[in-house]
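Here is my note on this chain. Please read it with the sequence and the model side by side.

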Amino acid sequence: NILKNIKIVLSVIGSLSEKYSMTNEKNPYYTYLTWEDLKVMHNSGLVEIQNHTYNLHNYIIYVNAKMF
């Protein structure tokens, strides 16, 4: 398999990983990675994990709602 050893960089939204780590909710259409998922990926040596934001997306929704 040609994709077996490809390395990736994954930028995580921390608050969503936190939320889904606590609830363990799984959605077949869209899901978030739990801390355990991220740990397994990191330990593979093929995934570099970076921070996208912690909770900025909720802040933007809040600010936009206040503007209108």
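The points below go from the whole chain to single residues.

1. **Ground rules.** This is a predicted model, in which local features need pLDDT of at least 70, side-chain atom pairs count only at pLDDT 80 or more, and totals for chains, interfaces and linings use all residues. Residues are numbered from 1 along each chain as its sequence is written, and side-chain values use heavy atoms, with hydrogens and water left out.

2. **Confidence.** Start with pLDDT, the predictor's confidence in each residue, from 0 to 100. The chain averages 77. A score of at least 70 is reached by 71% of the residues. Helix 2 has the highest confidence, at 91. Helix 3 (residues 56-67) has the lowest, at a mean of 60.

3. **Layout.** The chain has three helices and two strands. Helices (H or I, at least four residues) and strands (E, at least two) are DSSP runs, numbered from the N terminus. The order from the N terminus is β-α-α-β-α.

4. **Burial and surface.** How much of the chain is buried? Of the 68 residues, 15% count as buried. Buried means under 20% relative accessible area, exposed means over 50%, and partly exposed lies in between (1.4 Å probe, protein chains only). The chain exposes about 5,800 Å², and carbon and sulfur atoms supply 59% of that. These areas come from the Shrake-Rupley method with a 1.4 Å probe; for residues, only the protein chains shown count as cover.

5. **Contacts across the sequence.** A contact means heavy atoms within 4.5 Å. Take the contacts between residues at least 6 apart in sequence: 64% of them join residues at least 24 apart.

6. **Helix 1.** This helix covers residues 14-23. Its buried residues are G14, S15, L16, S17 and Y20. What do they pack against? Their partners are strand 1 (8-13), helix 2 (35-43) and strand 2 (47-53). Just after helix 1, N24 takes a positive phi of about 60 degrees.

7. S17 counts as buried because its relative accessibility is 3%. Beyond four places in sequence, S17 touches V12, L33, T34, W35 and L38. S15 also lies in helix 1. S15 counts as buried because its relative accessibility is 13%.

8. **L56.** This residue sits in helix 3. Is L56 buried or partly exposed? L56 is partly exposed, because its relative accessible area is 40%. Now look back to S15.

9. **S11 in strand 1.** S11 belongs to strand 1. S11 counts as partly exposed because its relative accessibility is 42%. Which residues does S11 contact, leaving aside neighbours within four places in sequence? They are Q50 and H52. S11 and Q50 are 39 residues apart along the chain, with 4.7 Å between their C-alpha atoms.

10. **V47 in strand 2.** V47 belongs to strand 2. V47 counts as buried because its relative accessibility is 11%. Not counting residues up to four places away in sequence, V47 touches I8, L10, M41 and H42. V47 and V9 are 38 residues apart in sequence and 5.8 Å apart in space, C-alpha to C-alpha.
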